[in-house]
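Here is a short briefing for a first look at this structure. Keep the sequence and the 3D view side by side as you read.

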Amino acid sequence: MLAWGASDAGAAGPSGEAGKTSPRPWPRQEDLAGKKFAFKLIAPKAMKLSRRQFVASTALAVAGTTALPAGRGAERAPRTKTGERPLIVSTWDFGRAANDAALQVLLAGGTMLDAVEQGIWVTESAGNPSVGLSGGPNAAGVVQLDACIMSGPGHRAGSVAALEGIRHPISAARRVMEKTPHVMLVGEGARMFALEEGLESVDPHSEERYEAWRQKRAAAKRPAPSPAANRKNHDTIALLVLAPDGNLAGGCSTSGLRGKLPGRVGDSPIIGSGLYVDNDVGAAGATGLGENIMRYCGSFLVVEFMRRGLPPDEACRETIRRIAYQDPKGFDLSINFVALDKHGRSGAAGTGAGFPFAVTTRTRSLVLPSLAVGPRTPAAGGAKRR
Ligand code: SD4
């Protein structure tokens, strides 16, 4: 039986030479031949909590609505209570306000897609420097927005990219999903579609005024094109919902990397990269340097790890380790994932110091530290046979 965390000493990996220690001794395809997978498929009934998980979840339940310090991540971050519905999870500390809005939508009888859309509206309207029209401009000085939405039932998705001048790109993405036979619209086509749908634009009545706004933004101080990702230039919201009826949905919205080349699209609107929902298993979303997420279908990978039985935090961590194993940059990736599963568990992990994420249920709304994943963090609990 191959343990996923077991050292494959001396094996050559894509990011390490034979005999050298790679960030993650990830098994290669040939290593797996004839071996059984260490993870069980998720059983339809709720999984039992270990004593440690139970203690952590009880502590959180007792914490009520008090936010925990959201600074550095931890190798063992607290886990939230299993099984509560609805459950809403999102990236960063500002996600809590979005979660709270999403919860109100659900409590008022709204659908889970309404909850995703209206929750994300909060961040898109909040003057966030990386989400919505207040977001960071590209190298030409223009704000180009990316967003997507996904619904578990029917495995439906909609997405917009490099969208200019539309107040709520998440609404454009939802309309692509619900009103077109397509999944993704980009650039001017996406903008025209959003305007035809009556979505609020910079100036819904005047193309000239939109052009003036565009020129003004372009004339403003232009950021130097830089692929560097830090807290200042990436703050995407990915928001995931486990609805009261057990269905799943999620959305993601961003202005992308500040100073990006015009037309550059990141992971956020790409289904499987910035967001993925599988109604049988769970949902995942990403924030960070898109180029390091979209080359690995990061959110899809998180969901696949959950399918094999990992809890959400470990699924996020294993995804980062897997990417770091394969990527020439190792753990120097600036990537973060948030996830929830069908059983009502949630978690997150990020490179470096990790990142804060927000978890909301009927009884509490918390900002928690994610797991922090780096070369020195120990093998995942998921490496053990389960
Ligand atoms: C991107 N992933 O465009 C986005 C940026 C981001 O938090 O996540 N910011 O690469």
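Five strands make up an open sheet, ordered E7-E8-E9-E10-E13, with mixed pairing. At its edges stand strand E7 (275-278) and strand E13 (371-373), each pairing on one side only. The model is predicted. Eight strands form another open sheet, also with mixed pairing.

- E7 and strand E8 (residues 282-288) run antiparallel and are joined by four bridges.
- In this pair, Val-277 stands opposite Ala-283 in E8.
- Helix H9 (residues 298-307) lies across E7, E8 and strand E9 (335-341). H9 runs at about 145° to E8.
- Helix H10 (residues 312-326) also packs on this sheet. H10 touches E8, E9, strand E10 (346-351) and E13, and its direction makes about 25° with that of E10.

**The eight-strand sheet**

- The strand order is E4-E3-E2-E6-E5-E1-E11-E12.
- Strand E4 (184-186) and strand E12 (365-369) stand at the edges. Each has a single partner strand, so one side of each is left without a neighbour in the sheet.
- From one strand to the next, the twist averages 10°.
- Strand E2 (residues 145-151) pairs with strand E6 (residues 248-254) in the antiparallel sense, over six bridges.
- Met-150 stands opposite Gly-250 in E6.

**Where H3 meets H4**

- H3 and H4 pack at an angle of about 150°, and their axes are 7 Å apart.
- Their crossing is right-handed.
- From H3, the residues in contact include Ala-97, Ala-98, Asn-99 and Ala-101, along with Ala-102, Val-105 and Leu-106.
- On the H4 side, the partners include Met-112, Asp-114, Ala-115, Val-116 and Gln-118. Gly-119, Ile-120, Val-122 and Thr-123 in H4 also take part.
- By class, the contact of H3 with H4 has eleven nonpolar, four polar and one charged residues.

Methods. Residues numbered from 1 in each chain as written. Predicted model: local features only at pLDDT ≥ 70, side-chain atom pairs only at ≥ 80, totals over all residues. Pairing = 2+ DSSP bridges. Helix = DSSP H or I, 4+ residues; strand = E, 2+ residues; numbered from the N terminus. Axes fitted to C-alpha atoms, helices over the stretch in contact; angles between N-to-C directions. Left-handed = near helix turned anticlockwise from the far one by under 90°. Contact = placed C-beta atoms within 7 Å. Nonpolar A, V, L, I, M, F, W, Y, C, P; charged D, E, K, R; others polar.
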